[in-house]
Amino acid sequence: VNDLGGDFKGFGKSSSAADKVVEEIRAKGGKAVPNYDSVEDGEKLVKTALEAFGRIAVHLCFNLFYSVLLMIHFRILRDRSFVRISDEDWDIIHRIHLRGSFLVTRAAWTHMKNQKFGRIIMTSSASGIYGNFGQANYSAAKLGLLGLANTIAIEGGKYNIHCNTIAPTAGSRMTQTIMSPDLIDAFKPEYVSPLVVWLCHESCAENGSLFEVGAGWIGKLRWERSLGAIVRKKNQPMTAEAVRDKWETVCDFDNASKPQTIQESIALLNDVLNQIESQGSISMNSTSSGSSVSSSVDTTSIVGRELSTNVYTYTHLEPILYALGVGMSTKDPDHLKFLFEGSEEFCCLPTFGVIPAQTSIFHEVPSVPGLNIDFTRVWKSSIPRFVLCMCSSFLTGQLTSVATVADILDKGSGAVLLVDVNTYCGKDLVCYNQFSLFFVGAGGFGGKRSSEKAKATANPPKRSPDAVMSDVTTADQAALYRMSGDWNPLHIDPSFASLGGFKKPILHGLCTFGFAARNVLKQFANNDVNRFKAIKVRFAKPVFPGQTLQTEMWKEGNRIHFQTKVQETGEVAIAGGYVDIVPGLDKPSVLEPVKTAGLQSDLVFEEIGRRVKEIGGELVKKVNAVFQWDITKDGKTAMQWTIDLKNGSGAVYQGPARKPADTTFTLSDEDFMDVVQQKTNPQKAFFSGKLKVKGNIMLSQKLETILKDYAKL
């Protein structure tokens, strides 16, 4: 119990005030020790408590008591009208009330943080909340305490340190000169202390709140803000006359909002900027905190609109970066085929198909007429359906994605834009994606709520999952995943994330999606990407980097249902997900090549052989590799050819490589001829699984030149 023992103006010093309270506590069976230091000696106050009780669980700035408690009585007044306040009157009030609270709290903070528990109560005043004649110095200090408490609540939350503020009306030594004995009795401190006891209890989750209390009554206060009005136009100055003309609207509290955080406060301004930029006539309302759809927009002009055609160029680097971004690691031997371009089975994860597709969305969605988009407030769900298995080509190549608006839905609190994206390799469809983009605050335009074009999710069976896999994301997971091309600052910039209402940057939904999909691929398809046919998910809750993802899976025929939870919170991040897989085939046994006459590929290899004899030495210098070809017929190896451009002057011969082959290709005689005659793109053949490659895949890029230049029929 701290009390310097001075009078209500701060003069004098006595131990009697603190001693009296200590005696009262002890008389009721409690434990207490006095402290007579100034609150500006915060370390001494905390030391007294630690020496007596060994810990600090709770401390109150100004009065009352609870448990192992640092009780601080340092309320003084220097009441004078504003123009008569001296520098000394101003400074001493702020030193004792505001600075004293800061010093004592700072002294106790480390102890509370280390024990992961603390309860702090700041004592403000109605004078600080509402103002009071003759108390400008006291009012300023008391409202300053509220700001201090609110920030402490934010910073202490993660350490289980809660800070709340009370504005009590109670009889005390400070008010005995202005309250009659009857009033002092009616406003006993006993009518305040139970609130403090509850706020300090370990089971009370209240944090960052303000309460008025007195005479047995308690009320919670909160801020309220009118919807306001936009008083400037694009590229025009803001004028006082415009403010005057909109003043009634500015001060109209009908349908007022009640922001609770600085993020909620600022989010509205982001919407204001969007509306000014678009010159929209959208009124301010409680749901338009980010994106918006004009009530006059013609949705039929949006549906069917082609957003963009985007060309995505890639090498082996992009699928490797993607694999790392969704948590693959060399610690797992099964992951090497996705991380090392020199692996005999090198390929990319099927869900890599979302990467070329998503770029076509974000480049053009903001330009859709009538749709003002705030990407701090967008949620995505997607259904990649792989017409052909999306594997990484062993050649540097390009994929072309065409995005089209399939439909737009009005969900009330937001708008859903369904976007279909078809991705092509040349003229061949490789992958189909459907993205559902949910724009918070863009609803209410009177549109339909559902669409037959939307691909539905599927709830998992009501039984225990057949498999559960957990992955711990890293603190840098989002920073790594964004290297695959999703540059939205929501996932990296804390200030941008706060505009979206998040306490820190969130993980990309499609990153969580990638984690879940690769777990299904491993658990139910043995990492065989050729068996991966389609996937659908719905994003339900955000994930923060560093959290643990738990993927639960159920097998129902050729469909694998799954959902992903955040292990630390139990919340479902991905719901209603499923993967359709192709049934596995028995691996053919290894047989000697079957000699089959009349293979068309023989003609090609013979022609390559003649050319190698002519310029083999030059090719050896350029290529420096041995290639083996296993040509199949009716599913069996019918012939083997070797192109040796590594040894001597080069050679082409029938049979397996006489020295270790750097790269081995397997495909049918018919498919080989289609590739050579350019009827089939080599990338397409690889995508579809018709062409299989083992060894150093990157060397095959050099072979492509040989096929084009020296084997034209």
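## Salt bridges

The side chains of glutamate 618 and lysine 622 meet in a salt bridge, with an N to O distance of 3.4 Å; the term denotes a side-chain nitrogen of Lys or Arg within 4 Å of a carboxyl oxygen of Asp or Glu. This is a predicted model, in which local features need pLDDT of at least 70 and side-chain atom pairs count only at pLDDT 80 or more, while totals for chains, interfaces and linings use all residues. Residues are numbered from 1 along each chain as its sequence is written, and side-chain values use heavy atoms, with hydrogens and water left out.

Both glutamate 618 and lysine 622 belong to helix 17, where they are 4 residues apart, about one turn of the helix. Helices (H or I, at least four residues) and strands (E, at least two) are DSSP runs, numbered from the N terminus. Glutamate 618 is partly exposed, with a relative accessible area of 42%, and lysine 622 counts as exposed at 52%. Here buried means under 20% relative accessible area, exposed over 50%, and partly exposed in between (1.4 Å probe, protein chains only).

## A salt-bridge network

By this rule the count comes to 16 salt bridges. Aspartate 332 and lysine 522 form one of them through their side chains, at 2.8 Å from N to O. Aspartate 332 lies in the loop between helix 11 (317–325) and helix 12 (336–339), and lysine 522 in helix 16 (residues 509–525), so the pair ties together parts that are 190 residues apart in sequence. Aspartate 332 counts as buried, at 19% relative accessibility, whereas lysine 522 is partly exposed, with a relative accessible area of 29%.

The side chain of lysine 522 also meets that of aspartate 334 in a salt bridge (3.7 Å, N to O). Because aspartate 334 lies in the loop between helix 11 and helix 12 and lysine 522 in helix 16, this pair ties together parts that are 188 residues apart in sequence. Aspartate 334 is partly exposed, at 38% relative accessible area. Through shared partners, salt bridges join Asp332, Asp334 and Lys522 into one network.

## Overall organisation

The chain contains 20 helices and 24 strands. Of its 713 residues, 50% count as buried. Contact means heavy atoms within 4.5 Å; among contacts between residues at least 6 apart in sequence, 70% join residues at least 24 apart.

The accessible surface of the chain comes to about 33900 Å², of which 52% belongs to carbon and sulfur atoms. Accessible areas come from the Shrake-Rupley method with a 1.4 Å probe, and for residues only the protein chains shown count as cover.

## Helix 5

Helix 5 (residues 136–156) has 21 residues and should span 30 Å at 1.5 Å a residue; its end C-alpha atoms are 30 Å apart, which agrees. The expected span is 1.5 Å times one less than the number of residues. Among the buried residues of helix 5 are Tyr138, Lys142, Leu145, Leu146 and Ile152. What covers the buried residues of this helix includes helix 3 (87–115), strand 4 (118–123), helix 4 (126–130), strand 5 (161–168) and strand 6 (210–214).

Isoleucine 154 is also found in helix 5, but this residue is exposed, with a relative accessible area of 70%. The C-alpha atoms of isoleucine 154 and glycine 208 are separated by 7.3 Å, although the two residues are 54 residues apart along the chain.

## Loop residues

Serine 451 is found in the loop between strand 14 (428–440) and strand 15 (467–472) and counts as buried, at 14% relative accessibility. The side chain of serine 451 reaches the backbone nitrogen of lysine 453 at 3.1 Å. This is a polar contact, defined as a pair of N or O atoms within 3.5 Å; within protein, one must be able to donate a hydrogen and the other to accept it, and residues adjacent in sequence count only if both atoms are side-chain atoms. Leaving aside neighbours within four places in sequence, serine 451 is in contact with Asp407, Leu409 and Leu418.

Most residues other than glycine have a negative phi. Alanine 215, in the loop between strand 6 and strand 7 (217–221), has a positive phi of about 60° and is partly exposed at 44% relative accessibility. Asparagine 624 has a positive phi of about 55°; its place is the loop between helix 17 (600–623) and strand 20 (625–633).
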